[in-house]
Amino acid sequence: MPENNEGMYAVPQILTKNAEDFIQTAETLQEYGYNEVNLNLGCPSKTVVTKGRGAGFLDRPDELDKFLDEIFRKCDMKISIKTRIGMEQESEWETLLSLYQKYPIAELIIHPRLQKEGYGGTPHLSAYKTAEEMLSCPLCYNGDIISPATQEKTLKTLPGIKTI
C-alpha cells in the first residue's frame with residue numbers, strides 16, 4: 001500500500017505473461033496512487049521460467065511483442081521493464097533490443113546475464129553497452145554491485161551509467 005512507502009518512489013513489479021492480468025493489476029495499482037509499474041522479465045527461477053514468466057518470456061519474442069503492444073496501448077501509466085539478455089545465448093539480446101526499441105519504456109533495467117546463468121558467472125557488460133547504443137529510453141544496470149569496490153569497477157567499465 002502506498003502509505004507504507006511514504007517518502008520514497010516505489011514501483012510495484014508485475015510478473016505475468018498474460019496481458020489482461022497485467023493491465024488489470026496495473027489499473028488497480030493506479031487506483032492506489034501508483035503512476036508506474038514494472039514488468040519483470042528478469043526472474044531466472046526455474047519455477048517461474050517453466051510457466052513462461054520472468055526470463056521465460058524472453059524465449060518467445062513474437063508473443064512478447066504482442067504482449068508489449070497490448071499493455072503499452074492499454075495502460076495509461078509508465079511501464080518500466082527489468083530484463084535479462086536472453087535465455088541461452090548472448091545472440092538473443094539483439095532481437096530483444098529491437099523489440100524494446102518499439103515501445104515507450106519508462107526505464108529498462110538490465111541484468112546482463114542469461115537466464116541459464118542465474119546469478120553466477122560474469123555479467124556480459126558488452127550487452128549493456130549495446131543497449132546504450134541502440135536504445136533511447138533510460139537504462140539502469142542491475143547485477144553484482146555488492147560493495148563500493150564492485151560499484152567502482154562497474155562504473156569504470158560502463159562510464160555511461162549514471163549514479164544517484
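Predicted model: local features only at pLDDT ≥ 70, side-chain atom pairs only at ≥ 80, totals over all residues.
**Entry 1: α1 against α3**

I began with helix α1 (residues 19-31) and α3, which pack at an angle of about 25 degrees with their axes 9 Å apart. Angles under 35 degrees count as roughly parallel, and α1 is therefore roughly parallel to α3. I noted that α1 passes α3 in a right-handed crossing. From α1, I listed Ala 19, Phe 22 and Ile 23 as contact residues; α3 contributes Phe 67, Glu 70, Ile 71 and Lys 74. Sorted by class, the residues of this contact of α1 with α3 are five nonpolar, no polar and two charged.

**Entry 2: α3 against α4**

I next examined helix α3 (residues 61-74) with helix α4 (residues 92-100), for which I recorded a packing angle of about 20 degrees and axes 10 Å apart. The two helices, α3 and α4, are therefore roughly parallel to each other. Their crossing is right-handed. On the α3 side I found Pro 61, Leu 64, Asp 65 and Leu 68, which meet Thr 95, Leu 96, Leu 99 and Tyr 100 in α4. The contact of α3 with α4 has six nonpolar residues, one polar and one charged.

**Entry 3: the second largest pocket**

I then turned to the second largest pocket, whose volume is about 180 Å³. Which residues line this pocket? I listed Thr 122, Pro 123, Leu 125, Tyr 141, Gly 143, Asp 144, Thr 150, Lys 153, Thr 154 and Thr 157. Helix α6 (residues 148-157) supplies the largest share of the lining, four residues. By class, I recorded five polar, three nonpolar and two charged residues in the lining of the second largest pocket.

Methods:
Residues numbered from 1 in each chain as written. Heavy atoms only, no water. Axes fitted to C-alpha atoms, helices over the stretch in contact; angles between N-to-C directions. Parallel < 35°, antiparallel > 145°, perpendicular 65-115°, else oblique. Left-handed = near helix turned anticlockwise from the far one by under 90°. Contact = heavy atoms within 4.5 Å. Nonpolar A, V, L, I, M, F, W, Y, C, P; charged D, E, K, R; others polar. 1 Å grid on protein atoms, 1.4 Å probe; cavity = no way out; pocket = protein on both sides within 12 Å on 5 of 7 lines; lining within 4 Å. Points joined across faces, edges and corners; volume = space filled by probe spheres on them.
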